[in-house]
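Could you help me learn to read a protein model, feature by feature? I would like to start with sheets and then move on to helices and cores.

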Amino acid sequence: MNKEKIKSIFKTIIQFIFNPRLLLCLGLGWIITNGWSYIMFVLGSYFGIGWMIAVSGSYMAFLWFPFTPEKIITIIIAITLLRLLFPNDTKTLAILKKLHEKAKNALNNRKNISQEERKRKRKKRIIILSSLATIVIVVAVWIGWGNKALMITEITVVDDRIPESFEGFRIAQISDLHNALFGEDNEKLLEMLKQARPDIIVITGDLIDANRTNVHISADFCEKALDLAPVYFVTGNHEAGALNKYKDLKNRLTNMGVQILEENFEIIEKNGEKLCIAGISDPGFLPEFSSELEKLMIETSEFYTVLLSHRPELIHEYKNYGAELVLTGHAHGGQIRVPFIGGLMAPGQGAFPDYDAGLYQEGTTRMIVSRGLGNSRFPFRVNNRPEIVVAVLSAGQ
């Protein structure tokens, strides 16, 4: 193929793709086939209508697959609109006419193919389509399983400031539950929490979901978790986003014995030695976050302190005020995790977040980021199983 021929083909492709009339018709076609799902998702999220979020979210997830019927339908609608609205268009319709002629000639040539050749090609197509269907089903099942397959992640934190009496002390962290259910009445989550053998349980925010708040699910889980160990709680941005319902939840948690840490702390004592569990509210409740954090760190400076806070992107604040161990969530593990790269997107951090899961250290400050358990606006996880983090303290002696 000579240079002029290549230039002609390239020019034709550019002319075809960037025809403003075609782009307008494609946009209209997209609104008809896909736009409704985005509108429904926004309305469902704004008004807290669960079924609207579920239906539109499921359809939006379907759009991620590269070859789906709606894409073909969108193109058909776009070409139909182009012919109706711009019947004299030469940039696109002329090219489509040429393609139609070539397809017609190819079809005529196909009639001359032997019966045996047709059978061979048909068999090949069946194998390809079956393989694609199998891949789609396997991926869908894997994603579904990965959103419910709970796991425990143990992280050992070694620090010579940890009192010897707290060697092996186990802190089970629950984060970003978002009203999710794992089994009836969260029985699977509670069973796994029991297997974690916690000395205390900490909840680092987003126990409820502002888009589909269910106070009963959250309160019921906490009441049953209290049978396993003392429970400590700090707020997340979703508690701030559902303020009126959170007030109800807060009253119920307080009455059942959950320790709600709002810029305050509790001391745990063993054999005369002390460990401090401190907590700070989400910035959605606390515009003066930095000054309140500074006060809290000064008040707890004589103890080895485990700070509960929702947002990992504030690690430099924790470091500046001398926090030793911070337990956070919020990032949802980056929602979609890619091997060797990590999470793709996290609230407060954007694309390719620096702090999405696991243990990090800045100076003398260590921070654990839980991948969390539930989902919110983005309705599913990929390669990102929900987890209970267990921080195991060690004095390193």
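This is a predicted model: local features need pLDDT of at least 70, side-chain atom pairs count only at pLDDT 80 or more; totals for chains, interfaces and linings use all residues.

Q: In what order do the strands of an open sheet with S1 and S16 lie?
A: Helices (H or I, at least four residues) and strands (E, at least two) are DSSP runs numbered from the N terminus, and two strands pair if DSSP finds at least two bridges between them. Here an open sheet of six strands has mixed pairing and the order S1-S16-S2-S3-S4-S5. Its edge strands are S1 (151-158) and S5 (259-260), each pairing on one side only. S1 and S16 (residues 387-394) run parallel, joined by eight bridges; isoleucine 152 has isoleucine 388 in S16 as its bridge partner.

Q: Which strands stand at the edges of the open sheet that contains S6 and S14?
A: That open sheet has six strands, in the order S6-S7-S8-S9-S15-S14, again with mixed pairing. Strand S6 (264-270) and strand S14 (358-362) are at the edges with a single partner strand each, so one side of each has no neighbour in the sheet. The twist averages 20° from one strand to the next; axes are lines fitted to C-alpha atoms, for helices over the stretch in contact, and angles run from 0 to 180 degrees between N-to-C directions.

Q: How do S14 and S15 run, parallel or antiparallel?
A: They run antiparallel, and five bridges join S14 to S15 (residues 365-369). Glutamine 361 stands opposite arginine 366 in S15. The two strands form a hairpin with two residues between them, and glycine 363 in the turn has a positive phi of about 65°.

Q: Which residues of helix H10 are buried?
A: Buried means under 20% relative accessible area, exposed over 50%, and partly exposed in between (1.4 Å probe, protein chains only). In H10 (residues 243-256), the buried ones are Tyr246, Leu249 and Leu253. They cover an arc of only 60° around the axis, which puts them on the same side of H10; the arc is that of the directions from the helix axis to the C-beta atoms. Asn244 and Asn255, on the other side of H10, are exposed.

Q: What covers the buried residues of H10?
A: Contact means heavy atoms within 4.5 Å. The cover includes helix H8 (215-225), strand S4 (231-234), helix H9 (237-241) and S5.

Q: How many residues has the largest nonpolar core?
A: A nonpolar core is a set of buried Ala, Val, Leu, Ile, Met, Phe, Trp, Tyr and Cys residues joined through side-chain atoms within 4.5 Å. The largest one has 33 residues, and Ile174, Leu189, Leu207 and Phe221 have the most contacts inside it. H8 gives the most to this core, with five residues. Leucine 207 touches residues including Phe221, Leu249 and Leu253, not counting residues up to four places away in sequence. A second, separate core of 23 residues includes Ile171, Val389, Ala391 and Leu393.

Terms used. Residues are numbered from 1 along each chain as its sequence is written. Side-chain values use heavy atoms; hydrogens and water are left out. The expected span of a helix is 1.5 Å times one less than its number of residues.
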